Amino acid sequence: MSGTTRDLTEASSTVDTSSFGDRRHLLTVSDLERPEIEQLLELTDTFVEVSNRAIPKVPALRGRTVVTLFFEDSTRTRLSFETAAKRLSADTMSFAVSSSSVNKGESVRDTIETIEAMGIDAVVVRHKSSGVPAQIAGWTNAAVINAGDGWHQHPTQALLDAYTLRSHLGSLDGVRISIVGDVKHSRVARSDIEVFTKLGAEVTLVAPPTLLPPSTAPWDVRVSHDFDSVVGSTDVCYLLRMQRERMTEALVPTLREYTAHYGLTSARADRLPDGALIMHPGPMNRGVEIAGEVADRPNAVITEQVANGVAVRMAVLFLVLGPGRASGAKNEISSNGAG
Ligand code: CP
């Protein structure tokens, strides 16, 4: 990868995507090793530069079609994938279950086969059930990108979070990250834990026992039930949303009590070390897991996470769809002919 970031900023340039090999889908971060994650983050630098241009567009995916297939609500992920595809000059199709024939009983498989018949190259899928993107990958010749499946995975969220941290800290090696809140129901937590630890961070999960999975043994993490004891030694405080739509039982006595013990209140935010960063994947419940005032502090990088999401998703689309990728050849990105 050396030199490729510089090269990509030039009018006609190349990027070596060989470490992605023949990877056609992005279904889980478990598949990604540190060199691949680092390559993707380095490639993202290029697409941040493209996004900052007066005309933020390159012809890299001209002639390709990307469909966003969302069976579950989204603001950030869906709009940023659509923006990413457009900035790469791909054609886009958008599917929302609320206005589709799924409401007339059409199955996921029939839906994907119907969309594929129109000619598509990549499907960006979100579904409330874990494993649906992997199932779809078995039914289509298109590249499949997981945009969130149940409690399981949200790969591009973890990649944009890692990119945001890297842009502030340079490296995640030895960085103390506290992931606070509803880990049990969180695909963001599962994806972030894997990516952050692969990049060398020291991760502590902070939650009541009822909001943790039955075992955290597979992860290289510490666990604390006492936010006050870890807040003063936290370089990055990552708040998770209380996912009430995924809770089938009362897992906290009241939201007020949850906030008292596990919310990033103004008082707790004041105890973070100088320079500590505050993150949240959104959507936020202001006043529950994070005080409204804290979310607006200068060290809260929540809107930066959103902005970086577009460039990270450009990198992901480019890696799974870029010309010659499957052969591991050098792909051309030219700013000429951007339209
Ligand atoms: N972070 C995230 O996935 O947000 P959306 O649900 O709005 O896509």
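On a 1 Å grid over the protein atoms alone, a pocket is an open set of points with protein on both sides within 12 Å along at least five of seven lines. A molecule sits in a pocket if more than half of its atoms lie within 2 Å of its grid points. In this predicted model, the ligand sits in the largest pocket. Local features need pLDDT of at least 70, side-chain atom pairs count only at pLDDT 80 or more, and totals for chains, interfaces and linings use all residues. Residues are numbered from 1 along each chain as its sequence is written, and side-chain values use heavy atoms, without hydrogens and water.

Polar contacts are pairs of N or O atoms within 3.5 Å. A polar side-chain atom of Thr77 is 2.6 Å from a ligand oxygen. For the side chain of Arg126, an N or O atom lies 2.9 Å from an oxygen of the ligand. A ligand nitrogen is 3.0 Å from a side-chain N or O atom of Gln157. Of the 250 Å² of accessible area that the ligand has on its own, the protein covers 91% (Shrake-Rupley method, 1.4 Å probe).

Backbone geometry was also examined. Gly282 is joined to Pro283 by a cis peptide bond, with omega about -5°. Ser89 is not a glycine, yet has a positive phi of about 70°.

Terms used:
A polar contact is a pair of N or O atoms within 3.5 Å; within protein, one must be able to donate a hydrogen and the other to accept it, and residues adjacent in sequence count only if both atoms are side-chain atoms. On a 1 Å grid over the protein atoms alone, a cavity is a set of points where a 1.4 Å probe fits but cannot get out, and a pocket is an open set with protein on both sides within 12 Å along at least five of seven lines; lining residues have an atom within 4 Å of a point.
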